[in-house]
Structures are given as structure tokens and as C-alpha cells.
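Please look at the model shown here. The report below covers a helix, a metal site and the contacts of aromatic rings.

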Amino acid sequence: MGNRWTTRYLLRFDDICPTMNWAVWREVEPILLDNGIRPILAVVPDNQDPHLVKGEHDAAFWSNVRAWQARGWTIGLHGYQHKYETKSAGIIGRNPYSEFAGLPEAEQRRKLAAAFGIFRSQGVWADAWVAPAHSFDALTVQLLSEFGLHTISDGYSLLPHLGPQGTLWVPQQGGRFLPVPCGTWTVCMHFNSWTREDIARFRADVTRYRAHIATLPEVVALNAQRPESWHDRLFFQSLRTLRGMRG
Ligand SMILES: [Zn+2]
């Protein structure tokens, strides 16, 4: 309902991997199901980051991912190994470290080929790109397009918009629900470190904002042909600066 300006929230859960915080997830997943929410789950194809070891290794991990995708949930490609190699903040500029930004083309291509290869071998496809640490560069975007992935969950615009290579940028502005008057807002949930209070707040937020929680395919359909405008650039620069000042 509404037009593309109508307030819509997308829910994104990062750092989905076999050793994620299953104790928290077992509380979160029923909240999503009970409310008919179809979130973005950003899956690490081959996690090598010790910070993402928050629970017992789940041998049935990939069958879970296939089940989520079969349910109509969006699966994001969250890098390759979640291992930071460079000190580049990339296009978004949120964190001065990256698995991709600043690396030569051959190296980025090798990592992406391996990442897509794991998804393919597990019978999962990538609906969107979700860069670890929000850090990637123009080369990454070009390579993603070559691999057939044309949706990026990142950036600070108010609405999704097209960029180079016909890629659709769906903005990801923060980690909390805010009572905003309009626009598409992706709320990123770092559930791996959630406490009981965080779970309770999430449950309350979902109840409060339920009518405005949308899905990635919905906002892609609404904005698939929308070119970048002056206010996209203005929002991007303003929020990039604000986030940078907060550190
Ligand atoms: Zn991550």
C-alpha cells in the first residue's frame, strides 16, 4: 500500500553463520514468524572470523538457510570469510577495515567466485549484497554485477535508487527503529550480542512498527527503475558525515 515515499522498514540480521548466537535466534525467529515478517538474513559463506563464534556449530546450518529462503525470506551474501584485510572504508565510509575495498580486481574476483560457489553448492542464491563492515568499493559493485547480483543493501539515501551497472541500492541507515515520516529504512540487527533486554525491545518494536515493516522484494519492485536524485546524494553525504563524527 501507499507509494514509494510511504515509511517502510526492512529488517536485516547480519553475521548469520553456523556458529551464530542460536540461543538468541531461537527467541527471535518465532517473533518474525508470528508477525509474518520476511527479513533479510546476511549469510557468511565461509566464516573465518572468531568474533562470530557465539554458539555451538550447527551441522544443519545450510538446510536452515534453504528453509529460510523457501519461506520467502531474503538471503544476503555477507562477504566471503568475514576476514578484514585492508584499512579501506570504501564507498560507505563507516568502518576503516574491509574484506574487499582496496583489493585488486583479481583478488576481489577470487573471493566473490568462492563465495558465490559456496552458495551455489548449497542450493542457495544471493538476493542482495551485504558487505562485512559496510566496506566495499566501485570494483566490488562492478564484479557483483558480473556475477549477476544487482541489489545492494547499503548506503544512506532516503529511498532505494539505481547506481552504476544498473545496480539497485537499498539504503541501510542504522541499528534502531526511528519514528520517521517517510522513506525506506533498513534496520540492522546485530543479534549475536543481544541481551534479554534487547530481545524484549525488539519484540516491542516489532509490535509498534508492524504495519510499516516491508520486504526487500516489495521495495525493489517499487523502485526498480528509480534513478539517483539530488536528495539521495544529499542524504548520503549528510548521514555519512554524521556517522563518521559519531565514530
Ligand atoms: Zn558482519
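In helix H6 (residues 216-223), the buried residues include Leu-216, Val-219 and Asn-223. They lie on the same side of H6 because they cover an arc of only 70° around the axis. The arc is taken from the directions that run from the helix axis to the C-beta atoms. Buried stands for under 20% relative accessible area, exposed for over 50% and partly exposed for values in between, with a 1.4 Å probe and protein chains only. Helices (H or I, at least four residues) and strands (E, at least two) are DSSP runs numbered from the N terminus.

The model is predicted: local features need pLDDT of at least 70, side-chain atom pairs count only at pLDDT 80 or more, and totals for chains, interfaces and linings use all residues. Residues are numbered from 1 along each chain as its sequence is written, and side-chain values use heavy atoms, with hydrogens and water left out.

**Zinc site**

The zinc ion has Asp-15 (OD), His-78 (NE2) and His-82 (NE2) as its protein donors, at 2.0 to 2.1 Å. Donors are N, O and S atoms within 2.8 Å of the metal (3.2 Å for Na, K and Ca); water is not among the atoms, so sites may look incomplete. Along the chain, the donors of the zinc ion have the spacing D-x62-H-x3-H. Asp-15 belongs to strand S1 (residues 8-16) and His-78 to the loop between strand S3 (74-77) and helix H3 (105-121), so the pair ties together parts 63 residues apart in sequence. Asp-15 is buried at a relative accessible area of 9%, and His-78 is buried at 1%.

**Aromatic rings**

Rings of Phe, Tyr and Trp (its six-membered ring) pair if their centres lie within 6.5 Å; planes under 30 degrees apart count as stacked, over 60 as edge-to-face and the rest as tilted. The count by this rule is 20 aromatic pairs. Two edge-to-face pairs are listed here.

| Pair | Centre to centre | Angle between planes |
|---|---|---|
| Trp-22 and Phe-61 | 6.4 Å | 70° |
| Trp-129 and Phe-136 | 6.4 Å | 80° |

Trp-22 and Phe-61 are both buried, as are both Trp-129 and Phe-136. A cluster linked by ring pairs includes Phe-13, Trp-22, Trp-25, Phe-61 and Trp-62.

The charged end of Arg-71 sits over the ring of Trp-73, 4.6 Å from its centre, and that of Lys-111 sits over the ring of Phe-100, 5.6 Å from its centre. This requires NZ of Lys or CZ of Arg within 6 Å of the ring centre and within 35 degrees of the ring normal.
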